[in-house]
Amino acid sequence: MRTILHSDCNNFYASVECVYDPALRGKPVAVCGDPSARHGIILAKSDAAKRCGIKTGEAIWEARQKCPDLILLAPHGEQYIRFSKMIRRIYSEYTDRIEPFGLDESWLDVTNHPLGGVEIASRLRKRAKEELGLTVSVGVSFNKVFAKLGSDMHKPDATTVISPENFRDKIWPLPAGELLFIGRSTVKRLSHYGIRTIGDIACANPNTLHACLGKNGDMLYAYANGLDVDPVMRAGESSDVKSVSNSTTPPFDVDNETDARRILYLLSDSVASRLREQQLYGRTISLWVRSADLHSCERQVSIPTPTNLSKVITRHIFSLLQASWDMRSPLRSLGVRVSDLSLAQQQSPILSPDPPLHRYEKAECAMDAIRRRFGVSAIQRGCTMQQQRPLQIEDIHHNFSGANMSAIHGRGEGI
Amino acid sequence: MTVRTYVQVIATFNKEGVITPHALTFHGKQYIIDRVLDRRAAAASKAGGQGIRYTVRIGEKQTYIFLDEKQRWFVEEKDSVR
C-alpha cells in the first residue's frame, strides 16, 4: 500500500507576510491586488480575516464592509516563490516524488520510507515552523485524493490520517463538492440524482454516474471509493499539462486594435516562452476576451503544424480577434491559450519545414535567454513599448515555471 | 517589542563556501564572536524575517545573528533598549 502525504501551507501568502512582520500575527490580514490596476480583489487572508467572513476572490470594498479593521497588504510574488522553493527543499529530504499543486501545496509519495508517513508529517510541520515560520497541514493517506482531503480537514498545523479503515467514517460524510475536481455545476448535476455527499458518490450505481458525467463520473466513483491510483510525479517530471495560457486585465479598457494587439503580443510571448521552457508544442490556439460589461467569449483555431512560436501564435490570435471583436464594446480582459499539446521530441523535422520560421525560432530562443539572465523587461517588442498607456510587462509576462503554471492554468486553487 | 536591527559583520568564506562570522558592529561598538555554536535555516520569530540563523557566543553571552536572503546580517533587538 502506498503512503501519500499532501502538505498544505496554511494561508500561504498572508503567513509569509506575517513572517516578516510579526505584529500582524493574529490580526485580520489580507493580501490583495492593486485597486488602481483594477486588480482589487482579495488574494489570501489570515485566519482572523477568515473568521470575519472574508473570502478569497471578493472585492476589497466588500471585504472592508465585513471587516473595517482589515489590514490590506500588497502581494510579494517573489517572496512567495522563494518560500515555496524552500519548503519543497525540505520535502526533498524525504522523497524525490514531490508533485506541486500550486505554490503552497504538494503531494509527497513516501512509500517504504523507514520513518513512516505520520512521523514524516510531524517533522515537516516542525521544520516548516522553525525554519520558515509557516504552519502546514498534512494529510496522510494511501492515495492522493484522500491525502488532500485530509490536509483540508484540520487547520492550521495538523496531521490527519485517512486510512483504509477510517475513510468511510471521515470522508464519506463530507459534501460532494469537497472532492477534487468537483465544481459548482457538477455539484448541481449530482444533486438532481440525490447525490450530496462523497459517500453518496461512493455508493451510487457507477452506470448512473457514467450516464450523468461520462468519464468524469467513473473517475469520481473511483476517487470516492479510495481507488485513485494516480501516481505522485517524481521531482523534475512534468505533469500532464493540457494547455498553457495567460490572461490579463490591463489598467484601462481596451477600445482600439493597437492596444489589443500589443497586449496580445505580450500574452503570446509569455505563452510561447513557457511552451519552449517545457519543450511543448501546441496545435490549438484560443483567444479569450471579456468585455467591459463582463461578457466573455472564446474563439479557437487548429493549425496543421504544432508550434511554440510567438510569431505563429500572434498571427492566429490577431485573426481570431478580427473575427470576434467589432471594437464597439471595450474589452476589460484578454487571454491567450495554446492546447492540444505534444512533446518536442515528437516533432519530426519533416513536420516543420518552414525555413523562415527557423529564424523566428532562433530569435525567440535568444529572447528567452536574455530574459532568463536579465529579467523579462530587458528585451521587448517595439510595439509593446507605447508610453501613453503603459503596460507592466512583468505583470503580464509571468515568467514562472512548472509549479506556478498549474496555478495559472486552470488548476487555480485559493492560496 | 522586538525589532530587526541590521548590523555590519566581518565574516570569512571557506573553500566550500561556508560563511563564518567573526565580529559584528552593534550601535557603533564592535563585538568579537568567540565561537559559532550552530547554523541552520530559521525564522526570526521575535523580530520577523527568515534566513540562516547563527547561534554565536560573544564573551559569556549566547545570541543569534541572521543572514537574510539579501545577504544582510541582522540581530533581534528589544525595542526598549534603543
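These legends walk through several close-up views of a predicted model. Residues are numbered from 1 along each chain as its sequence is written, with chains lettered from A and ligands numbered from 1 in the order in which they are written. Because the model is predicted, local features need pLDDT of at least 70 and side-chain atom pairs count only at pLDDT 80 or more, while totals for chains, interfaces and linings use all residues.

**View 1. Chain A as a whole.** Chain A holds 16 helices and 12 strands; helices (H or I, at least four residues) and strands (E, at least two) are DSSP runs, numbered from the N terminus. Of its 415 residues, 37% are buried, meaning that 20 or more other C-beta atoms, placed from the backbone, lie within 10 Å of the residue's own.

**View 2. The open sheet of chain A.** Five strands line up in the order E5-E6-E1-E7-E8, with mixed pairing; two strands pair if DSSP finds at least two bridges between them. At the edges are E5 (98–100) and E8 (159–161) of chain A, each pairing on one side only. From one strand to the next, the twist averages 20 degrees. Angles run from 0 to 180 degrees between N-to-C directions, and axes are lines fitted to C-alpha atoms, for helices over the stretch in contact.

View 3. Strands E1 (residues 4–9) and E6 (residues 105–109) of chain A pair in the antiparallel sense over five bridges. Here, Asp8(A) stands opposite Glu105(A) in E6(A). Helix H6 (residues 144–153) of chain A packs on the sheet, touching E1, E6, E7 (136–141) and E8 of chain A, and its direction makes about 145 degrees with that of E7(A). Contact means that the C-beta atoms of two residues, placed from the backbone, lie within 7 Å.

**View 4. Helix H13 of chain A.** The 15 residues of H13 (residues 310–324) of chain A should span 21 Å at 1.5 Å a residue, and the end C-alpha atoms are 20 Å apart, which agrees. The expected span is 1.5 Å times one less than the number of residues. Among the buried residues of H13(A) are Val312(A), Ile313(A), His316(A), Ile317(A) and Leu320(A).

**View 5. A hairpin in chain B.** Four bridges join the antiparallel strands E2 (residues 19–26) and E3 (residues 29–32) of chain B. Thr25(B) stands opposite Gln30(B) in E3(B). Two residues lie between the strands of this hairpin, where His27(B) takes a positive phi near 50 degrees.

**View 6. Where the chains meet.** Nine residues of chain B are in contact with nine residues of chain A. On the chain B side, strand E4 (residues 35–43) gives the most, with three residues.

Key:
Buried ≥ 20, exposed ≤ 12 C-beta atoms within 10 Å, placed from the backbone.
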